[in-house]
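Here are a few exercises to work through with the viewer open. Try each task yourself before reading the solution.

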Amino acid sequence: MKMIYVDNISKKFGSLEVLKDISLEVKKGEVISIIGPSGSGKSTFLRSLILLEQIDKGRIEIEGIPISAFDDKGKRISLPRKDVKDGVRKMGMVFQNFHLFPHKTVLENVIEAPIIVNKLDKKEAVSLGEELLKKVGLLDKKDSYPSQISGGQKQRVAIARALAMKPDIMLFDEPTSALDPELVGEVLGVIKNLAKENMTMLIVTHEMGFAKEVSDRVVFMDKGEIIEDAPPNKLFNNPDHPRIKAFLEKILK
Amino acid sequence: MSDILGMIIYILKGSLITLKLYIVTIVLSIPLGVLGALGKISKSKLLSSFVGFYTWIFRGTPLLLQLFFIYFGLPHFLGINFSKFQAASLTFILNYGAYFTEIFRGGILSIDKGQYEAAKVLGLSYPQTMRRIILPQTIRRVLPATSNEAITLVKDTALVTAISMEDLLRNANQIVAREYTIIPFVIAGVIYLVLTSIIVWIFRKLEEKYSIYE
């Protein structure tokens, strides 16, 4: 089953084309890393999938539900709001800068959306929240505020918060880029565990070793385009495109 | 001695009017400010320019003029008659609502865009995001500015003397005129100081309460 189907999407910021005719299909349980130089449109692509950015052209379907679509003449097709909402809700997202709610404790951060959006009762939500915090190894921090924990811990809370909405797909937008080097491992560890549980994931990352280890496919983006989409062994050891070789040489040096 | 006691009692009676006006104004102008702020940042051009016009008028003209206009002017133009207390309350609520609108708007805009995005990807609607995520964080940021306004309001209430409301200052002034002594002014000053000190104390407690998460 196609979890994500992206067909020829484009996006401009003013006159700058940040996404150019991008197409991608993701199957259930696949882990896909998106790599490439900064400014290549990786984050914009991820944000477009969950409608934090609006595309200008193309089509996005999540588990068969179209959430953004244009007709042949380039006119936006108006889609039923409920379907769009349902499609978007199948995804959870984790940001580079965590964006935890600072006025809520760790546990409150995790159970906020289940209570407010899914109308879960408080007791159920708390037990769900505690289970997820245990999973990311932070049950002992449940009553702390975000300002009282480390960056790595914040990002693990953010992952638990996203998982609390029971998404089928997780999007990670540079989840370790804002972390001190010694804290990167704990976050990658949590993501690896999700991969073992067969979570479908799209991960924008600069951690090449991690991308190699955890991904089924690696997508290389440059200047708003997907240059190559291949299994990690192929992309890292024998990429088709010279630009990828140059990029890898630069960062592995 | 009993003279001074009598003065104090008379002035305290005026303080009750001052206090009543103060409480009515605070209780109604703060929600008005929240609504105004939400209106001003709303995507609706009509709504945001309407609120803009409102704050322009009420922040751009003297409070005393507004009081005169609402107490003497409105009955003349619209045929509505207000009691002195109603006119004063209305004026103060509208005037302070305008200032709170701007303070809260600034507070809301100071919240990181990432908070909206995090709420959105979790499925929260705009009203839910405002109520649960943005406004609670705004409270902390606007407390110092709100505290300033709350203190200023204590002193601004003295303006109602100008429409002969029998507030703290007017009662003090009456005794001064009658008895040729400035002791009532001292008493009035002390009462204002007590009132403002209480406000400062309340806001300090609020700031402590809201600072736990930073």
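## Exercises on a predicted model

**Exercise 1. Classify B:Ile198 by its accessibility, then find the patch that holds it.**

Step 1. B:Ile198 has 43% relative accessibility, so it counts as partly exposed.

Step 2. Look up its place: B:Ile198 sits in helix 8 of chain B, residues 183-210.

Chain B has a mean pLDDT of 94, with 99% of its residues at 70 or more. The model's scores are ipTM 0.94 and pTM 0.90.

**Exercise 2. Work out which residues of helix 9 of chain A are buried, and what they pack against.**

Step 1. In helix 9 of chain A (residues 242-252), the buried residues are A:Ile244, A:Phe247 and A:Leu248. They cover an arc of only 95 degrees around the axis, so they lie on the same side of helix 9 of chain A.

**Exercise 3. Explain why helix 3 of chain A is largely enclosed by the rest of the structure.**

Step 1. Do the tally: nine of the eleven residues of helix 3 of chain A (residues 106-116) are buried, which is why the helix counts as largely enclosed.

Step 2. The buried residues of helix 3 of chain A are A:Val106, A:Leu107, A:Asn109, A:Val110, A:Ile111, A:Glu112, A:Ala113, A:Pro114 and A:Ile116.

Step 3. See what covers them. These buried residues pack against helix 4 (122-135) and helix 5 (151-163) of chain A, and also against helix 6 (126-156) of chain B.

**Exercise 4. Take A:Leu51 and A:Leu52 in turn: is each one buried or exposed?**

Step 1. A:Leu52 is in the loop between helix 1 (42-49) and strand 4 (57-62) of chain A, and A:Leu51 has its place in that loop too.

Step 2. With a relative accessible area of 11%, A:Leu51 is buried. A:Leu52 has 15% relative accessibility, so it counts as buried as well.

Step 3. Check the backbone: A:Leu51 isn't a glycine, yet its phi is positive, at about 65 degrees.

Step 4. List the contacts of A:Leu52, leaving out residues up to four places away in sequence. From chain A it touches A:Arg47, A:Met93 and A:Phe95, and from chain B it touches B:Glu117, B:Lys120 and B:Val121.

**Exercise 5. Find the phi of A:Asn8 and say how accessible the residue is.**

Step 1. A:Asn8 is placed in strand 1 of chain A, residues 2-13.

Step 2. Its phi is near 55 degrees, a positive value in a residue other than glycine.

Step 3. A:Asn8 has 33% relative accessibility, so it counts as partly exposed.

How values were computed: Residues are numbered from 1 along each chain as its sequence is written. Chains are lettered from A and ligands numbered from 1 in the order in which they are written. This is a predicted model: local features need pLDDT of at least 70, side-chain atom pairs count only at pLDDT 80 or more; totals for chains, interfaces and linings use all residues. Side-chain values use heavy atoms; hydrogens and water are left out. Patches are made of residues with over 30% relative accessible area and no salt bridge: like charges are joined within 9 Å, nonpolar side chains (Val, Leu, Ile, Met, Phe, Trp, Tyr) within 5 Å. Accessible areas come from the Shrake-Rupley method with a 1.4 Å probe; for residues, only the protein chains shown count as cover. A salt bridge is a side-chain nitrogen of Lys or Arg within 4 Å of a carboxyl oxygen of Asp or Glu. Helices (H or I, at least four residues) and strands (E, at least two) are DSSP runs, numbered from the N terminus. Buried means under 20% relative accessible area, exposed over 50%, partly exposed in between (1.4 Å probe, protein chains only). The arc is that of the directions from the helix axis to the C-beta atoms. Contact means heavy atoms within 4.5 Å. pLDDT is the predictor's confidence in each residue, from 0 to 100.
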